[in-house]
Amino acid sequence: MSSKEIDWDNVDDIEWGVDDELDWDDMDEEEDILIELRNDPQPSFFVRKFAVVWWRKGFYKAGKVDGSIRVTPTRLIFLDSKGKVRLSIMNDSIYSFDLHHHDGEFPIYYNEIITKDQSSYQITTGVDESQSVKNNKDIKKAIAGELEVSKAEITELTIVTTNKGKIGEFVQSLDKTNFFPVQNSIDYPEIQASTLEEVVDFGLDWLKDKVEPPFVIDDAGAFIDSLEDFPGVYSRYIYDTIGVEGVLKQMNDIEDRKATFRCVLGLALADGSKHKFVGECTGHIIGEMRGSGGFGYDPIFIPGGYEKTFAELSLEEKNSISHRGRAMEKLVDFLSNMEI
Ligand code: IMP
């Protein structure tokens, strides 16, 4: 079949076969969309945004239509730009989904979908080879249920904090996961307690009727060995009163400068359960402030094995070794292994 057999301008006359009556609204709305592909604007006048469908089985129909392809866990759907379902094929009835090159007057790449009952549908999904190859690969994976990260799996995770530095770390750390951090700046009381865990427990309880789960809170502090773990749970108070300079002054004549940052993340789930994840990072406090990144005590803390302060490291570097980075890793592990 050559492109000359197709009346490209006569789109609306085309019969689209069995799915013509099918309406997206009638479809199972519970079905998650694994992949959604819109046809991208095409550079050539001939192939401006289109999808072509041929049927085998003794006859064919063809068309040039703007639209999008959606793959759900059970089917592949082509919707035109008005949202009308033009084609719906059960994934398990697809025998092959391969990319071909049509080398005619107007060369194009098209996907040929062959079903087990020997029907064939041909759809373009790219303006050039690389886009066509990528989209073919992604759709194929979605049909086979093998997409690594699908949109449907992205879960919003509320992070309750007023600290922009912390939220930046969550955004960076969750970037390659299925969780999307959303900040909630509601301020909650931090009780005076002897451990970060107690502070987190209190915070989770206080917030449970005020924030929709799942949500996460975070409490952290710097524990300096020679100061008997000071400022520890009082890190915020000390930072807000005497500041980093004050801590440096306290340590003026002290030789042992070992310190540990600790972070406790608290997670509240819809079933009412609470979970905590702890991360630590040991290092030492230097004698002056260095670096402009990070926040809080970052400019005076050098993590073990490094020569730069937290404030001199990139966000990625800090997250890969920091107390919060380690706690976040555990949190993501936990969330990834459960339905929330
Ligand atoms: P909180 O967890 O917000 O209560 O933090 C207590 C204090 O520790 C605050 O003054 C923070 O600035 C500081 N802090 C918390 N996390 C970090 C960090 O990752 N680096 C440096 N300082 C931090």
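Predicted model: local features only at pLDDT ≥ 70, side-chain atom pairs only at ≥ 80, totals over all residues.
Buried here means under 20% relative accessible area. In helix α2, which spans residues 164–174, the buried residues are K166, I167, E169, F170 and L174. They lie on the same side of α2, because they cover an arc of only 155° around the axis.

**Around helix α2**

- The cover over the buried residues of α2 includes the strands β8 (155–160), β9 (179–184), β10 (215–224) and β12 (258–268).
- Helices α6 (315–321) and α7 (323–336) are also among the elements that cover them.
- At the N-terminal end, α2 is capped by N163, which has a side-chain oxygen 2.7 Å from the backbone nitrogen of G165.

**Salt bridges**

- The structure holds 16 salt bridges, and a few of them are picked out here.
- K166 and D218 form one of these through their side chains, with an N to O distance of 2.8 Å.
- This pair joins distant parts of the chain, since K166 sits in helix α2 and D218 in strand β10, 52 residues apart.
- K166 counts as buried because its relative accessible area is 11%, and D218 is buried too, at 3%.
- The side chains of E190 and R236 also meet in a salt bridge, at 2.7 Å from N to O.
- Here again distant parts of the chain are linked: E190 belongs to the loop between β9 and α3 (196–207), R236 to helix α4 (residues 235–241), and 46 residues separate them.
- E190 is partly exposed at 28% relative accessibility, and R236 is partly exposed at 41%.
- R290 and E288 pair up as well, with 3.9 Å between N and O; R290 is partly exposed at 27%, as is E288 at 40%.
- A network of salt bridges links K166, E169, D218, D298, K318 and R324.

- D219 is located in strand β10.
- Although D219 is buried, it has no salt bridge: K166, the nearest side chain of opposite charge, is 5.3 Å away, and a salt bridge needs a nitrogen within 4 Å of a carboxyl oxygen.
- Leaving aside residues up to four places away in sequence, D219 touches E190, L196, V199, V200, R262, C263 and V264.

**Cysteines**

- The disulfide count comes to 0.
- C263, one of the residues that D219 touches, is buried at 0% relative accessibility.
- C281 is likewise buried, with a relative accessible area of 3%.

Key
Residues numbered from 1 in each chain as written. Heavy atoms only, no water. Buried < 20%, exposed > 50% of the residue type's maximum accessible area, 1.4 Å probe, protein only. Helix = DSSP H or I, 4+ residues; strand = E, 2+ residues; numbered from the N terminus. Arc of directions from axis to C-beta. Contact = heavy atoms within 4.5 Å. Polar contact = N/O pair within 3.5 Å; in protein donor to acceptor, adjacent residues only side chain to side chain. Lys, Arg positive; Asp, Glu negative; His and termini not counted. Disulfide = S-S within 2.5 Å.
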